[in-house]
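Open the model in your viewer and keep the selection tool ready.

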Amino acid sequence: MEKEAKIYVAGHKGLVGGAIYRKLVADGYSNIIVADHSKLDLVRQEEVECFFANEKPDYVIMAAARVGGININNKKPADFIYDNMQMACNVINAAHNSQVKKLLFLGSSCIYPKYANQPIVEDELLSGKLEETNEGYAIAKIAGLELCKFYMRQYGDRFISCMPPNIYGPYDNYNLETSHSMAAFIRKLYEAKKSHAEKVEFWGTGNALREYLYVDDMADACVFLMDNYEEESQHL
């Protein structure tokens, strides 16, 4: 990406989007455009199309999403599938219509089957049943991944995808009702230390395997992919 190119970071106030924004600024990119939810609702197609028509970004990093942990995903699956599918469809199609030079769509490791082989490889995608508690979110992310793949195949758009593992770091959500696992671990351990608790309770059996990646390392990888990767998907 050229240093003066107009780069739209969708989701710049989120954990990953914020880290990508900081990385771009640190690397000297001088024309980064952002819009928070009060100015642009990515679920609304007309708003997204107007934004792209007016701003005409050269590059797009799609880090915006409705996110949450197992608890909130399980309680509101319809909200998670609808909002995330709408955002993916609206941004990817608007990027195509605006002739964006390149787009990076961020997915999630939950797109892989519940009983995928470990360590997970890309070929596991769509090979089995998804984890029920976040199935809605996973299907929406799979749809975004496939959209990028098919826009590349049909139109030659340079739309790539990246499927990160579990991300943690500064500005994460530490609400135990809606957070992801690492943020919940950190908060529970912090509160246990403050209260001198004798034990800490975590959900699950202890048998599950999880991959974790620090958010600033994830941001480095995203910028690297924008500069160096041209295939249909990439798993970190």
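Start with Tyr 214. At 30% relative accessibility, Tyr 214 is partly exposed; that class lies between buried (under 20% relative accessible area) and exposed (over 50%), with a 1.4 Å probe and protein chains only. This is a predicted model: local features need pLDDT of at least 70, side-chain atom pairs count only at pLDDT 80 or more, and totals for chains, interfaces and linings use all residues. Residues are numbered from 1 along each chain as its sequence is written, and side-chain values use heavy atoms, leaving out hydrogens and water.

**Aromatic pairs**

Rings of Phe, Tyr and Trp (its six-membered ring) pair if their centres lie within 6.5 Å; planes under 30 degrees apart are stacked, over 60 edge-to-face, and the rest tilted. By this rule there are eight aromatic pairs.

Select Tyr 151 and Tyr 155. Their pair is tilted, at 5.6 Å centre to centre with 40° between the planes. Both sit in helix 5 (residues 135–155), four residues apart, so about one helical turn separates them. Helices (H or I, at least four residues) and strands (E, at least two) are DSSP runs, numbered from the N terminus. Tyr 151 is buried at 14% relative accessible area, whereas Tyr 155 is partly exposed at 46%.

Tyr 168 is in strand 6 (residues 166–168) and Tyr 214 in strand 7 (residues 212–214), so the pair ties together parts 46 residues apart in sequence. Tyr 168 is partly exposed, at 26%.

Next, select Tyr 8, Phe 51 and Phe 52. Ring pairs link them into a cluster.

**Charges over rings**

A charge sits over a ring if NZ of Lys or CZ of Arg is within 6 Å of the ring centre and within 35 degrees of the ring normal. Show Lys 3: its charged end sits over the ring of Tyr 29, 4.2 Å from the centre. Then show Arg 66, whose charged end sits over the Phe 80 ring at 5.4 Å from its centre.

**Cysteines**

How many disulfides does the structure hold? It holds zero, a disulfide being a pair of cysteine sulfur atoms within 2.5 Å. Select Cys 50: the nearest cysteine sulfur, in Cys 89, is 18 Å away. Cys 50 is partly exposed at 42% relative accessible area. For Cys 89, the closest cysteine sulfur is that of Cys 148, at 10 Å, too far for a bond. Cys 89 is partly exposed too, at 33%.
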